[in-house]
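Q: I am new to this structure and would like to learn how to read it. Please take me through it feature by feature.

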Amino acid sequence: MAVAMGRPFVIQPCLSSSLCFLSKNINKSSFGAAETFLPAKPSSTRCTPVVVHAQQRPTWLPGLDPPPYLDGTLAGDFGFDPLGLGEDPQSLKWYVQAELVHARFAMAGVAGILFTDLLRVTGIRNLPVWYEAGAVKFEFASTRTLIVVQLLLMGFAETKRYMDFVSPGSQAKEGSFFGLESALEGLEPGYPGGPLLNPLGLARDMENAHVWKLKEIKNGRLAMVAMVGIFVQAAVTHAGPIDNLIEHLSNPWHRTIIQTLANSGS
């Protein structure tokens with residue numbers, strides 16, 4: 001089976017009452033041999049050209065054919081769905097929004113953990129390590145009050161997001177967001193935009209903002225993987241990511257993940 005990468009190729013089957021033979025003409029040079037194959041001229045030949053286009057779309061595994069429902073129109077679509085979760089169109093839309101939200105939380109979480117851990121390690125601020133921050137008692141409010149306030153604020157935001165997912169554009173109508181609709185100017189579910197959430201105006205036209213969507217989802221996926229690494233790292237070493245980095249740099253050949261896992265198991 002002929003395969004071409006990056007350009008179309010032509011297959012010409014020969015149909016004849018007699019067999020089609022290939023004559024070989026070998027031209028030798030000082031650098032090697034070049035072979036030219038010329039079709040023989042049968043008495044009666046009918047050739048039908050067939051043009052086959054090579055696959056141009058990048059996939060998560062080179063040479064793998066993506067599922068038909070992942071046609072490359074989604075941002076960050078590289079045909080990865082081994083469990084077939086996106087076969088249903090409605091489920092696919094929900095999974096896209098779920099991944100987007102988790103990616104944004106992961107990016108914010110990684111940035112917050114690294115920033116506060118850097119302040120703690122350098123001694124600029126007296127802060128707890130990130131996995132103990134939730135147990136800190138604040139003077140301005142009790143833990144119960146903070147939980148209630150967080151549930152109310154997050155519940156309101158998530159409810160509005162879900163309503164916009166079910167009925168796109170419904171939350172941008174006048175009076176639906178305490179008069180702040182003009183500050184959001186949501187153009188697409190999952191992308192509120194506007195001067196409040198898009199102050200630099202990088203993607204005002206969402207239809208032509210595919211590059212920005214791709215950058216966001218790529219960074220978000222990397223952040224989700226980083227969060228898993230930070231979780232595992234804290235469970236094994238009982239230290240923050242900056243502490244682990246400093247320990248590794250102090251002795252790069254003997255302070256690696258292999259030695260850390262070996263010492264944790266012993």
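Q: Which residues does UniProt list for "binding site" (unreviewed entry), Arg104 being one of them?

A: UniProt positions are given here in the numbering used for this model, with feature names shortened, and such annotations may be inferred rather than shown by experiment. In this case the UniProt record lists Arg104 and Leu184 under "binding site" (unreviewed entry). The model itself is predicted: local features need pLDDT of at least 70, side-chain atom pairs count only at pLDDT 80 or more, and totals for chains, interfaces and linings use all residues. Residues are numbered from 1 along each chain as its sequence is written, and side-chain values use heavy atoms, with hydrogens and water left out.

Q: Where is arginine 104 placed, and what does it touch?

A: Helices are DSSP runs of H or I of at least four residues, and strands are runs of E of at least two, numbered from the N terminus. Arginine 104 is in helix α1. Contact means heavy atoms within 4.5 Å. Not counting residues up to four places away in sequence, arginine 104 touches Gly190, Tyr191 and Glu216.

Q: Is a residue such as glutamine 97 buried or exposed?

A: Buried means under 20% relative accessible area, exposed over 50%, and partly exposed in between, using a 1.4 Å probe and protein chains only. Glutamine 97 counts as buried because its relative accessibility is 10%. By contrast, arginine 104 counts as partly exposed, because its value is 29%. Glutamine 97 is found in helix α1, residues 89-122. Leaving aside neighbours within four places in sequence, glutamine 97 contacts Arg161, Phe165, Pro189 and Gly190.

Q: Which other residues of α1 are buried, and what covers them?

A: An α-helix has 3.6 residues a turn, so residues three or four places apart point the same way. Among the buried residues of α1 are Leu92, Leu100, Val101, Ala103, Ala106 and Val110. Their cover includes α2 (143-166), α5 (210-237) and α6 (241-250).

Q: How does the length of α1 compare with what its 34 residues should span?

A: The expected span of a helix is 1.5 Å times one less than its number of residues. For α1 this should be 50 Å, and the end C-alpha atoms are 50 Å apart, so the two agree. Just after α1, glycine 123 takes a positive phi of about 80 degrees.

Q: What is the volume of the largest pocket, and which residues are the closest to its centre?

A: Rolling a probe the size of a water molecule over the atoms shows where empty space is left. On a 1 Å grid over the protein atoms alone, a pocket is an open set of points where a 1.4 Å probe fits, with protein on both sides within 12 Å along at least five of seven lines; lining residues have an atom within 4 Å of a point. Grid points are joined across faces, edges and corners, and a volume is the space filled by probe spheres set on the points. The largest pocket has a volume of about 1,100 Å³. Of its 36 lining residues, Leu74, Leu92, Tyr95, Val96 and Glu99 are the closest to the centre. Helix α1 gives the largest share of the lining, 10 residues.

Q: Which residues of the other "binding site" feature in UniProt belong to that lining?

A: The unreviewed UniProt entry places this feature at Glu99, His102, Lys215, Asn219, Arg221, Gln233 and His248. From this set, the lining of the largest pocket takes in Glu99, His102 and Arg221. Histidine 102 is found in helix α1, and glutamine 233 in helix α5.
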